[in-house]
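Please read the points below with the model open beside you. They go from the overall build to single residues.

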Amino acid sequence: KVLICVGSRKFIPEKLARYTEVVYDNGLSSDQILKIVVDTCTNLRVEPPENPEKLFRGLTSFEIRSALIQTFKRHRSFTDPRPLTAYRLRQFRKTDLVQHVDVADTNFETVGGADRFKQWVRRTKAAWTDEGRAFGLEPPKGFLTVGIWGTGKSLSVKAVGSEWGLPVIQFDIGRMRSSALGESEANVNRALKIVESMAPCLVWIDEAEKSLSGGQSSAYTDAGTTSRIIATFSTWLQETKAQACVAMTANSLATLPVEFINRMDERWFFDLPSQDDRIDIMKIHLAKRGQAPDRFDLASLSKKATDLVGREIEQCIKAAMAESFNQRKSTLDEAIFANELTRKPRIVRTMGDEIKHMLDWIGYDEKLDDGVRARFASDPKGQDRKMIIS
(Lines give C-alpha, C1' and ligand atoms only; values in the text may rest on other atoms or scores of the structure.)
Protein backbone atom coordinates (compact mmCIF):
# COMPACT_ATOMS: atom_id res chain seq x y z
CA LYS A 1 0.00 0.00 0.00
CA VAL A 2 1.44 3.35 -1.05
CA LEU A 3 0.31 6.80 -0.02
CA ILE A 4 1.79 9.77 -1.90
CA CYS A 5 1.64 13.01 0.08
CA VAL A 6 1.89 16.27 -1.86
CA GLY A 7 2.64 19.53 -0.05
CA SER A 8 4.78 20.80 2.78
CA ARG A 9 2.56 19.26 5.48
CA LYS A 10 1.69 15.64 5.69
CA PHE A 11 -0.80 14.02 8.02
CA ILE A 12 -1.04 10.25 8.19
CA PRO A 13 -3.39 8.56 10.67
CA GLU A 14 -1.45 6.49 13.16
CA LYS A 15 -3.19 3.27 12.20
CA LEU A 16 -2.18 3.73 8.55
CA ALA A 17 1.37 4.94 9.18
CA ARG A 18 2.81 1.39 9.23
CA TYR A 19 1.33 0.61 5.82
CA THR A 20 2.25 3.78 3.95
CA GLU A 21 5.19 5.02 1.94
CA VAL A 22 5.74 8.77 1.59
CA VAL A 23 7.12 9.93 -1.74
CA TYR A 24 8.56 13.44 -2.08
CA ASP A 25 8.38 15.14 -5.47
CA ASN A 26 11.29 17.59 -5.92
CA GLY A 27 9.98 18.93 -9.22
CA LEU A 28 11.25 18.49 -12.74
CA SER A 29 14.95 17.88 -13.28
CA SER A 30 16.99 19.81 -15.85
CA ASP A 31 16.83 16.89 -18.29
CA GLN A 32 13.05 16.62 -17.91
CA ILE A 33 12.62 20.36 -18.51
CA LEU A 34 14.82 20.19 -21.60
CA LYS A 35 12.85 17.25 -23.03
CA ILE A 36 9.49 19.02 -22.50
CA VAL A 37 10.80 22.18 -24.18
CA VAL A 38 12.33 20.34 -27.14
CA ASP A 39 9.21 18.21 -27.71
CA THR A 40 6.89 21.23 -27.53
CA CYS A 41 9.07 23.33 -29.83
CA THR A 42 9.32 20.45 -32.29
CA ASN A 43 5.53 20.30 -32.47
CA LEU A 44 5.41 24.08 -32.94
CA ARG A 45 8.19 23.89 -35.57
CA VAL A 46 10.24 26.58 -33.89
CA GLU A 47 13.73 26.77 -32.41
CA PRO A 48 13.71 26.29 -28.61
CA PRO A 49 14.81 29.18 -26.36
CA GLU A 50 18.30 29.34 -24.90
CA ASN A 51 18.94 28.10 -21.36
CA PRO A 52 15.51 26.47 -20.91
CA GLU A 53 16.57 25.00 -17.54
CA LYS A 54 16.99 28.50 -16.09
CA LEU A 55 13.87 29.88 -17.76
CA PHE A 56 11.51 27.18 -16.53
CA ARG A 57 13.04 25.96 -13.28
CA GLY A 58 10.30 25.53 -10.68
CA LEU A 59 7.41 25.27 -13.16
CA THR A 60 5.29 22.22 -13.82
CA SER A 61 5.14 20.48 -17.20
CA PHE A 62 1.72 22.07 -17.86
CA GLU A 63 3.07 25.55 -17.07
CA ILE A 64 6.11 25.07 -19.31
CA ARG A 65 3.96 24.01 -22.27
CA SER A 66 1.53 26.87 -21.61
CA ALA A 67 4.35 29.40 -21.50
CA LEU A 68 5.80 28.17 -24.81
CA ILE A 69 2.46 27.99 -26.63
CA GLN A 70 1.21 31.40 -25.43
CA THR A 71 4.51 33.09 -26.25
CA PHE A 72 4.66 31.46 -29.69
CA LYS A 73 1.14 32.63 -30.54
CA ARG A 74 2.05 36.23 -29.73
CA HIS A 75 5.67 36.48 -30.91
CA ARG A 76 6.14 33.52 -33.30
CA SER A 77 9.64 32.88 -31.91
CA PHE A 78 11.65 32.62 -28.69
CA THR A 79 14.58 34.83 -29.65
CA ASP A 80 13.51 37.32 -26.95
CA PRO A 81 13.38 35.54 -23.55
CA ARG A 82 11.52 38.36 -21.80
CA PRO A 83 7.97 37.11 -22.57
CA LEU A 84 8.89 33.70 -21.13
CA THR A 85 10.41 35.35 -18.05
CA ALA A 86 7.25 37.44 -17.64
CA TYR A 87 5.11 34.30 -17.75
CA ARG A 88 7.23 32.72 -15.04
CA LEU A 89 6.82 35.77 -12.83
CA ARG A 90 3.04 35.73 -13.35
CA GLN A 91 2.95 32.17 -12.07
CA PHE A 92 5.13 33.22 -9.17
CA ARG A 93 2.75 36.04 -8.19
CA LYS A 94 -0.07 33.55 -7.59
CA THR A 95 1.28 33.03 -4.07
CA ASP A 96 1.22 35.74 -1.41
CA LEU A 97 3.89 34.16 0.79
CA VAL A 98 6.80 35.86 -1.00
CA GLN A 99 7.05 38.78 -3.40
CA HIS A 100 9.06 39.38 -6.54
CA VAL A 101 10.83 42.76 -6.52
CA ASP A 102 11.21 44.59 -9.84
CA VAL A 103 14.81 45.79 -10.16
CA ALA A 104 14.72 46.70 -13.85
CA ASP A 105 15.37 50.40 -13.13
CA THR A 106 17.83 49.85 -10.27
CA ASN A 107 21.57 49.41 -10.63
CA PHE A 108 24.78 50.74 -9.12
CA GLU A 109 24.45 53.89 -11.22
CA THR A 110 21.50 54.82 -8.99
CA VAL A 111 23.45 54.21 -5.76
CA GLY A 112 25.74 56.94 -4.46
CA GLY A 113 28.91 55.99 -2.58
CA ALA A 114 29.39 52.48 -1.13
CA ASP A 115 32.43 51.94 -3.40
CA ARG A 116 33.90 49.09 -1.33
CA PHE A 117 30.58 47.27 -1.31
CA LYS A 118 30.22 47.72 -5.07
CA GLN A 119 33.70 46.30 -5.66
CA TRP A 120 32.88 43.20 -3.62
CA VAL A 121 29.64 42.67 -5.52
CA ARG A 122 31.39 42.95 -8.88
CA ARG A 123 34.16 40.57 -7.82
CA THR A 124 31.61 38.06 -6.55
CA LYS A 125 29.53 38.17 -9.74
CA ALA A 126 31.75 35.53 -11.36
CA ALA A 127 30.54 32.92 -8.85
CA TRP A 128 27.11 32.99 -10.53
CA THR A 129 28.45 32.25 -14.00
CA ASP A 130 29.04 28.86 -15.58
CA GLU A 131 32.72 29.70 -16.00
CA GLY A 132 33.07 30.62 -12.34
CA ARG A 133 31.38 27.45 -11.13
CA ALA A 134 33.57 25.38 -13.46
CA PHE A 135 36.58 27.05 -11.84
CA GLY A 136 35.27 26.07 -8.40
CA LEU A 137 33.75 29.35 -7.24
CA GLU A 138 30.77 29.15 -4.89
CA PRO A 139 28.10 31.87 -4.66
CA PRO A 140 27.77 33.48 -1.22
CA LYS A 141 25.15 32.09 1.15
CA GLY A 142 24.28 35.59 2.23
CA PHE A 143 25.40 39.06 3.24
CA LEU A 144 24.23 41.58 5.82
CA THR A 145 23.97 45.33 5.31
CA VAL A 146 23.68 47.19 8.59
CA GLY A 147 23.86 50.90 9.15
CA ILE A 148 22.26 54.23 9.78
CA TRP A 149 18.72 54.86 8.62
CA GLY A 150 18.46 56.18 5.05
CA THR A 151 21.99 55.35 3.88
CA GLY A 152 20.88 53.22 0.92
CA LYS A 153 20.98 49.67 2.31
CA SER A 154 17.74 48.49 0.69
CA LEU A 155 18.51 50.27 -2.57
CA SER A 156 21.94 48.61 -2.64
CA VAL A 157 20.42 45.15 -2.17
CA LYS A 158 18.10 45.67 -5.13
CA ALA A 159 21.05 46.93 -7.17
CA VAL A 160 22.92 43.71 -6.31
CA GLY A 161 20.12 41.69 -7.90
CA SER A 162 20.44 43.76 -11.06
CA GLU A 163 24.26 43.53 -11.04
CA TRP A 164 24.24 39.75 -10.59
CA GLY A 165 21.35 39.26 -13.01
CA LEU A 166 19.23 37.47 -10.41
CA PRO A 167 15.54 37.77 -9.54
CA VAL A 168 15.03 39.43 -6.15
CA ILE A 169 12.55 37.66 -3.87
CA GLN A 170 11.38 39.55 -0.79
CA PHE A 171 10.96 37.18 2.16
CA ASP A 172 8.68 38.68 4.82
CA ILE A 173 8.27 36.61 7.98
CA GLY A 174 5.09 38.51 8.82
CA ARG A 175 3.38 36.97 5.79
CA MET A 176 4.11 33.49 7.12
CA ARG A 177 2.29 33.91 10.40
CA SER A 178 -1.12 32.33 10.86
CA SER A 179 -3.45 31.83 13.80
CA ALA A 180 -3.96 28.14 12.94
CA LEU A 181 -1.80 25.68 14.84
CA GLY A 182 1.21 24.64 12.78
CA GLU A 183 0.21 26.76 9.78
CA SER A 184 2.96 29.35 10.28
CA GLU A 185 5.68 26.69 10.16
CA ALA A 186 4.03 25.14 7.10
CA ASN A 187 3.95 28.53 5.37
CA VAL A 188 7.67 28.96 5.94
CA ASN A 189 8.35 25.55 4.39
CA ARG A 190 6.18 26.39 1.39
CA ALA A 191 7.89 29.75 0.95
CA LEU A 192 11.32 28.14 1.05
CA LYS A 193 10.24 25.62 -1.59
CA ILE A 194 9.17 28.54 -3.80
CA VAL A 195 12.53 30.23 -3.25
CA GLU A 196 14.38 27.06 -4.22
CA SER A 197 12.26 26.74 -7.35
CA MET A 198 13.27 30.28 -8.35
CA ALA A 199 17.00 29.66 -7.76
CA PRO A 200 19.40 31.10 -8.66
CA CYS A 201 17.95 34.12 -6.89
CA LEU A 202 18.55 36.78 -4.24
CA VAL A 203 16.37 36.47 -1.12
CA TRP A 204 15.85 39.87 0.50
CA ILE A 205 14.86 40.21 4.16
CA ASP A 206 14.31 43.88 4.95
CA GLU A 207 14.40 45.18 8.54
CA ALA A 208 15.79 41.80 9.63
CA GLU A 209 16.24 42.90 13.24
CA LYS A 210 12.44 43.20 13.48
CA SER A 211 11.22 40.30 11.36
CA LEU A 212 13.65 37.80 12.92
CA SER A 213 13.37 39.01 16.50
CA GLY A 214 11.27 37.61 19.33
CA GLY A 215 12.86 34.18 19.54
CA GLN A 216 13.89 34.52 23.19
CA SER A 217 10.39 35.42 24.40
CA SER A 218 8.55 33.20 21.93
CA ALA A 219 7.73 30.51 24.52
CA TYR A 220 5.82 33.09 26.55
CA THR A 221 4.16 35.07 23.77
CA ASP A 222 3.21 32.68 20.95
CA ALA A 223 3.79 29.14 22.23
CA GLY A 224 7.15 28.95 20.49
CA THR A 225 5.93 29.67 16.96
CA THR A 226 8.49 32.42 16.31
CA SER A 227 11.32 30.25 17.62
CA ARG A 228 10.34 27.39 15.32
CA ILE A 229 10.06 29.74 12.32
CA ILE A 230 13.51 31.16 13.00
CA ALA A 231 14.97 27.69 13.54
CA THR A 232 13.48 26.40 10.27
CA PHE A 233 14.83 29.33 8.29
CA SER A 234 18.24 29.17 9.99
CA THR A 235 18.60 25.45 9.24
CA TRP A 236 17.54 25.97 5.64
CA LEU A 237 20.11 28.75 5.24
CA GLN A 238 22.82 26.43 6.47
CA GLU A 239 21.83 23.24 4.63
CA THR A 240 20.19 24.27 1.36
CA LYS A 241 21.92 23.28 -1.86
CA ALA A 242 19.94 25.81 -3.90
CA GLN A 243 21.84 28.74 -5.34
CA ALA A 244 20.00 31.31 -3.26
CA CYS A 245 21.82 34.20 -1.57
CA VAL A 246 20.11 35.78 1.44
CA ALA A 247 20.52 39.57 1.68
CA MET A 248 19.55 41.09 5.03
CA THR A 249 19.21 44.77 5.86
CA ALA A 250 19.19 45.97 9.46
CA ASN A 251 19.33 49.26 11.34
CA SER A 252 20.33 47.58 14.58
CA LEU A 253 21.90 44.30 15.62
CA ALA A 254 20.58 44.25 19.18
CA THR A 255 17.71 41.86 18.46
CA LEU A 256 19.05 40.03 15.39
CA PRO A 257 19.78 36.37 16.27
CA VAL A 258 23.51 35.73 16.35
CA GLU A 259 23.18 32.59 14.22
CA PHE A 260 22.13 34.72 11.25
CA ILE A 261 24.93 37.23 11.76
CA ASN A 262 27.45 34.39 11.90
CA ARG A 263 26.16 32.69 8.74
CA MET A 264 26.55 35.73 6.50
CA ASP A 265 29.54 35.55 4.17
CA GLU A 266 30.04 39.29 4.52
CA ARG A 267 28.79 42.02 6.85
CA TRP A 268 28.72 45.58 5.50
CA PHE A 269 28.31 48.79 7.46
CA PHE A 270 26.69 51.77 5.71
CA ASP A 271 27.98 54.87 7.47
CA LEU A 272 27.11 58.54 6.95
CA PRO A 273 28.12 59.54 3.42
CA SER A 274 31.40 61.40 3.01
CA GLN A 275 31.65 64.65 1.07
CA ASP A 276 32.39 62.83 -2.20
CA ASP A 277 29.52 60.42 -1.53
CA ARG A 278 27.13 63.32 -0.95
CA ILE A 279 28.16 64.83 -4.28
CA ASP A 280 27.43 61.49 -6.02
CA ILE A 281 24.04 61.28 -4.29
CA MET A 282 23.14 64.82 -5.36
CA LYS A 283 24.10 64.11 -8.96
CA ILE A 284 21.89 61.02 -9.04
CA HIS A 285 18.80 62.69 -7.58
CA LEU A 286 19.21 65.92 -9.55
CA ALA A 287 19.52 64.04 -12.85
CA LYS A 288 16.56 61.86 -11.86
CA ARG A 289 14.41 65.02 -11.69
CA GLY A 290 15.64 66.55 -14.93
CA GLN A 291 18.11 68.98 -13.30
CA ALA A 292 21.59 69.36 -14.80
CA PRO A 293 24.07 68.67 -11.97
CA ASP A 294 26.73 70.82 -13.69
CA ARG A 295 24.66 73.95 -12.99
CA PHE A 296 25.27 73.65 -9.25
CA ASP A 297 28.28 74.18 -7.01
CA LEU A 298 28.09 70.66 -5.64
CA ALA A 299 31.22 70.97 -3.50
CA SER A 300 29.70 73.89 -1.58
CA LEU A 301 26.31 72.20 -1.34
CA SER A 302 27.96 69.00 -0.09
CA LYS A 303 29.51 70.91 2.83
CA LYS A 304 26.10 72.30 3.76
CA ALA A 305 24.79 68.69 3.68
CA THR A 306 27.29 67.48 6.29
CA ASP A 307 25.80 64.70 8.49
CA LEU A 308 22.84 64.24 6.13
CA VAL A 309 22.10 60.73 4.87
CA GLY A 310 21.09 59.96 1.31
CA ARG A 311 17.38 59.86 2.05
CA GLU A 312 17.55 63.28 3.72
CA ILE A 313 19.42 64.76 0.74
CA GLU A 314 16.69 63.44 -1.55
CA GLN A 315 14.03 64.97 0.71
CA CYS A 316 15.85 68.31 0.54
CA ILE A 317 15.86 68.20 -3.26
CA LYS A 318 12.13 67.46 -3.31
CA ALA A 319 11.39 70.33 -0.91
CA ALA A 320 13.63 72.73 -2.84
CA MET A 321 11.96 71.74 -6.12
CA ALA A 322 8.52 72.50 -4.65
CA GLU A 323 9.66 75.84 -3.22
CA SER A 324 11.36 76.83 -6.48
CA PHE A 325 8.15 76.10 -8.36
CA ASN A 326 6.06 78.14 -5.88
CA GLN A 327 8.46 81.07 -6.28
CA ARG A 328 8.02 80.94 -10.08
CA LYS A 329 11.60 79.86 -10.72
CA SER A 330 12.25 78.34 -14.13
CA THR A 331 14.26 75.50 -12.56
CA LEU A 332 15.62 74.37 -9.21
CA ASP A 333 17.13 77.38 -7.46
CA GLU A 334 20.54 76.74 -5.86
CA ALA A 335 20.01 79.21 -3.00
CA ILE A 336 16.73 77.54 -2.07
CA PHE A 337 18.40 74.14 -2.27
CA ALA A 338 21.27 75.30 -0.03
CA ASN A 339 18.79 76.65 2.51
CA GLU A 340 16.94 73.35 2.64
CA LEU A 341 20.19 71.45 3.21
CA THR A 342 21.15 73.78 6.06
CA ARG A 343 17.78 73.66 7.82
CA LYS A 344 17.13 69.94 7.44
CA PRO A 345 17.01 68.08 10.81
CA ARG A 346 19.66 65.34 10.92
CA ILE A 347 18.86 61.73 11.86
CA VAL A 348 22.36 61.52 13.30
CA ARG A 349 21.29 64.07 15.93
CA THR A 350 17.82 62.67 16.47
CA MET A 351 19.11 59.11 17.01
CA GLY A 352 22.59 59.98 18.26
CA ASP A 353 22.74 57.45 21.10
CA GLU A 354 21.61 54.55 18.89
CA ILE A 355 24.11 55.49 16.18
CA LYS A 356 26.95 55.78 18.71
CA HIS A 357 26.07 52.31 20.05
CA MET A 358 26.11 50.90 16.51
CA LEU A 359 29.48 52.49 15.75
CA ASP A 360 30.91 51.09 18.98
CA TRP A 361 29.76 47.61 17.94
CA ILE A 362 31.25 47.96 14.45
CA GLY A 363 34.58 49.26 15.77
CA TYR A 364 37.49 50.48 13.67
CA ASP A 365 40.91 48.95 13.04
CA GLU A 366 43.39 51.59 11.89
CA LYS A 367 45.86 48.99 10.58
CA LEU A 368 43.25 47.37 8.38
CA ASP A 369 41.45 50.65 7.69
CA ASP A 370 38.19 48.80 8.18
CA GLY A 371 35.60 47.84 10.75
CA VAL A 372 36.19 45.13 13.34
CA ARG A 373 32.83 43.34 13.20
CA ALA A 374 31.66 44.54 9.79
CA ARG A 375 33.36 46.01 6.75
CA PHE A 376 32.81 49.64 5.80
CA ALA A 377 30.81 49.98 2.59
CA SER A 378 32.77 53.16 1.81
CA ASP A 379 36.22 54.45 2.70
CA PRO A 380 36.04 55.33 6.44
CA LYS A 381 38.85 57.89 6.28
CA GLY A 382 36.64 60.82 5.39
CA GLN A 383 36.96 63.72 7.83
CA ASP A 384 33.35 63.73 9.00
CA ARG A 385 33.29 59.92 9.40
CA LYS A 386 36.48 59.94 11.42
CA MET A 387 34.91 62.44 13.80
CA ILE A 388 31.91 60.16 14.31
CA ILE A 389 34.04 57.04 14.80
CA SER A 390 36.08 58.76 17.50
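1. Basis. This is a predicted model, in which local features need pLDDT of at least 70 and side-chain atom pairs count only at pLDDT 80 or more, while totals for chains, interfaces and linings use all residues. Residues are numbered from 1 along each chain as its sequence is written, and side-chain values use heavy atoms, with hydrogens and water left out.

2. Overall build. The protein chain has 21 helices and seven strands; helices (H or I, at least four residues) and strands (E, at least two) are DSSP runs numbered from the N terminus. Its C-alpha atoms fill a box of roughly 80 × 60 × 45 Å along the principal axes. Of the 390 residues, 44% are buried, where buried means under 20% relative accessible area, exposed over 50%, and partly exposed in between (1.4 Å probe, protein chains only). Taking contacts between residues at least 6 apart in sequence, 71% join residues at least 24 apart; a contact means heavy atoms within 4.5 Å.

3. The sheet. Seven strands form an open sheet with mixed pairing, in the order β1-β3-β4-β5-β2-β6-β7. Two strands are taken to pair if DSSP finds at least two bridges between them. At the edges are β1 (98-101) and β7 (375-376), each pairing on one side only. Strands of a sheet pair through backbone hydrogen bonds, either parallel or antiparallel.

4. Strand β4. On one side, β4 (residues 201-205) runs parallel to β3 (residues 168-171), joined by three bridges. Isoleucine 169 has valine 203 as its bridge partner in β4, and valine 168 stands opposite leucine 202. β4 also pairs in the parallel sense with β5 (residues 244-250), over five bridges; here cysteine 201 is partnered by alanine 244 of β5. Why is β4 largely enclosed by the rest of the structure? Five of its five residues are buried, so the strand is largely enclosed. In a regular strand the side chains alternate between the two faces of the sheet. In β4, Cys201, Val203 and Ile205 lie on one side and Leu202 and Trp204 on the other, all buried, and both faces are covered.

5. Nonpolar cores. A nonpolar core here is a set of buried Ala, Val, Leu, Ile, Met, Phe, Trp, Tyr and Cys residues joined through side-chain atoms within 4.5 Å. The largest has 47 residues, and Phe171, Phe233 and Met248 have the most contacts inside it. Helix α10 (residues 183-198) contributes the largest share of this core, six residues. Apart from it lies another core, of 23 residues, including Trp128, Val168, Cys245 and Trp268.

6. Cysteines. How many disulfides are there? With a disulfide defined as a pair of cysteine sulfur atoms within 2.5 Å, the count is zero. For cysteine 245, which is in no disulfide, the nearest cysteine sulfur is that of cysteine 201, 9.2 Å away. Cysteine 245 counts as buried because its relative accessibility is 0%. Cysteine 41, at 1% relative accessibility, also counts as buried.

7. The second largest pocket. A pocket is found on a 1 Å grid over the protein atoms alone, as an open set of points where a 1.4 Å probe fits, with protein on both sides within 12 Å along at least five of seven lines; lining residues have an atom within 4 Å of a point. The second largest pocket has a volume of about 910 Å³, a volume being the space filled by probe spheres set on the points, which are joined across faces, edges and corners. Its lining has 33 residues, of which Thr85, Arg88, Gly165, Leu166 and Pro167 are the closest to its centre. α3 (52-56), α5 (82-92), β1 and α8 (153-164) each supply at least two lining residues, and α5 gives the most, with four.

8. Helix α5. Its buried residues are Pro83, Leu84, Tyr87, Arg88, Leu89, Gln91 and Phe92. Among the elements covering them are α3, α4 (61-75), β1, β3 and α10.

9. Lysine 329. This residue is in the loop between α17 (310-326) and α18 (334-343). Is lysine 329 buried or partly exposed? Lysine 329 counts as partly exposed because its relative accessibility is 38%. Leaving aside neighbours within four places in sequence, lysine 329 is in contact with Ser324 and Ile336.
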